[in-house]
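Hi there,

Here is the structure I promised to pass on. Have a look first, and my notes on what I found follow below.

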Amino acid sequence: METVTTAEERETPKKIHRLQIGLNVVVQIVLVIFLAAMVNSLAFRHYKRWDFSRDQKYALSDKTKRFFESMPGKMRITVFFAATTPITGDVQSLLAEYQYAAKGKIDIEMIDPERNLSRAKELFDKYKVVTDESLLVLDYGGRNKTVKASEMADIDTSGMQFGEGPRVTAFKGEQAITGAMMDLVEMDLVEGKKNTFGYVTGHKEPPLGETPSPISLGETPPRSPISVLKTFIENENIKFQELNLYNEPQIPPNVKAVMILGPQYDLSDREMTLLRNFWDKQGRILLLLDPTIKMPKLTGFLNELGVKVNDDRLMVFLRTGIQELALTRDVQARFLGDSPITRRLADVRALFFGGTCSLTLEPDRVRAANIRLQPLIQAEKGYFAETDYNTDDQAKLQADAQKNPGTALTIGASIEKGGSADERVQVNSSRMAVVTNAGFVLDRALTQDQQGLDFVSGCVNWLLSREQLIGISPKVPKPLMFTLAENGLRSVRWLVLILMPLVPAVFGFVIWWQRRA
């Protein structure tokens, strides 16, 4: 049987529209790329972070988050951390959380001073950084503030003598960084009420500015012998203002605290009256004495507050050979950690060059007047207080050293009147920090020992009631530990020795049996 197909029944082949197909493919690819870009863009701008770590090490407190919401401007953070610093990774992770929480209000630049020396030096000069310690610099509204690595963590170095590395016992990065940020923003909002430190002059104290001695044409005037100290305090966003008590009817109200640094002769009766009135009105004083100068009026004022400045000099004999001893008047002392001033410097040693005399604290005598005394700095063991300090008789000095009773010799103390013994309670009070050495803050000493700057910083913050930055608790690393009783150990033993090997054995037997069948 033959099948006949007519011409009408024949179908013409469909034409392939290659241009249309290609255009559709291009459009689809463009749409896919556009959608992927949109999804990535939305995810980049609107995303959520969760901290699933067990101890929530990098989770920011509500106080920090609320601060970012209220911060009006933009802040720049420059990080000068070497890779060898124990908390470098912790600081970088914490700052990543800061950037996320601030929502574009923070710019961060990471600099390794050991690898990028030129950039580090450029910014050190810009921000007038005078320490070699790892730190970060906060810049806001033309002002800056430094936060050191030592302020962000408690480091345990006791294992280093056994070949172990330093161990972080508590990470306080958020407390230190957020506190510094709040200080900067507060100073920007209350420009006319910024903290002012009055630097008392008129008694041959070290000049605050350039030395006013005549110079030849073309020569650079010698800089102040306390230029490092001045720069350091101004980096704390504090205004240094020279204050000549002889020309003032009273200490100006805008001066929150005064610094008396190594006066070369005693204050007059009128100046002492101004100083007493300032103290009685909850004034704050930082007093660094030169023990070589007799100042009965100033030391008499201290004696009224329960602090007696002794007429002696601290000395120690150091062995330089088998039978050779050398006398030195430079005092190596340690900071006590019981005060907010020196808490971060607990058991840190520092050198106090030149003459230093001892202090006698009499807290029982002034307790009825609500005055609290606290030692801040004590000389190391072996030092003795010599009253006949002008003699050159080595035999007599050695004999006096042998009579040393071994009691701790205090060279720095704090005085507070009217406050609360509980640091958590903020009560207005008169405060004073006194040290019987004025040379440790001079440039020639600070270039050899940075601990003096840290101590002055602690004094300044305490005097200005800034010792407690904010109530953010430190993050203490918690080791993961399992405690198993005897029954638990027995169960683990059965699990490891019997059950775990038995499971693959059963699977293997089942597979072998199926193949055999």
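Let me begin with one side chain: Lys 297 is partly exposed, at a relative accessible area of 35%. Please keep in mind that this is a predicted model.

The partner of Lys 297 is Asp 269, and the two form a salt bridge whose closest N and O atoms are 3.1 Å apart. Asp 269 sits in helix α8 (residues 269–280) and Lys 297 in helix α9 (residues 296–304), so this pair ties together parts that are 28 residues apart in sequence. As for solvent, Asp 269 is exposed, with a relative accessible area of 53%.

That pair is one of 19 salt bridges in the structure. Some of the charged residues are linked to several others: Arg 76, Glu 109, Arg 119 and Glu 122 belong to a network of salt bridges.

Lys 396 is worth a look too. Its side chain meets that of Glu 386 in a salt bridge of 3.6 Å, N to O. This pair links distant parts of the chain, with Lys 396 in helix α11 (residues 394–402) and Glu 386 in strand β18 (residues 384–386), 10 residues apart. Lys 396 also forms a salt bridge with Asp 388, where the closest N and O atoms are 3.7 Å apart.

Which of these residues are buried, and which are partly exposed? Glu 386 is buried, at a relative accessible area of 2%, and the cut-off for that class is under 20%. Lys 396 counts as partly exposed at 31%, as does Asp 388 at 32%.

Strand β18 leads on to the sheet. It is an open sheet of 3 strands in the order β13-β12-β18, with antiparallel pairing. The edge strands are β13 (325–328) and β18, each of which pairs on one side only. On average, neighbouring strands here are turned by 40° against each other, direction ignored.

Between strand β12 (residues 313–319) and β18 there are 3 bridges, and the two strands run antiparallel. Within this pairing, Met 315 stands opposite Phe 384 in β18. Helix α11 packs on the sheet and touches β12, β13 and β18. The direction of α11 makes about 135° with that of β18.

Best wishes

Conventions
Residues are numbered from 1 along each chain as its sequence is written. This is a predicted model: local features need pLDDT of at least 70, side-chain atom pairs count only at pLDDT 80 or more; totals for chains, interfaces and linings use all residues. Side-chain values use heavy atoms; hydrogens and water are left out. A salt bridge is a side-chain nitrogen of Lys or Arg within 4 Å of a carboxyl oxygen of Asp or Glu. Helices (H or I, at least four residues) and strands (E, at least two) are DSSP runs, numbered from the N terminus. Buried means under 20% relative accessible area, exposed over 50%, partly exposed in between (1.4 Å probe, protein chains only). Two strands pair if DSSP finds at least two bridges between them. Axes are lines fitted to C-alpha atoms, for helices over the stretch in contact, and angles run from 0 to 180 degrees between N-to-C directions. Contact means heavy atoms within 4.5 Å.
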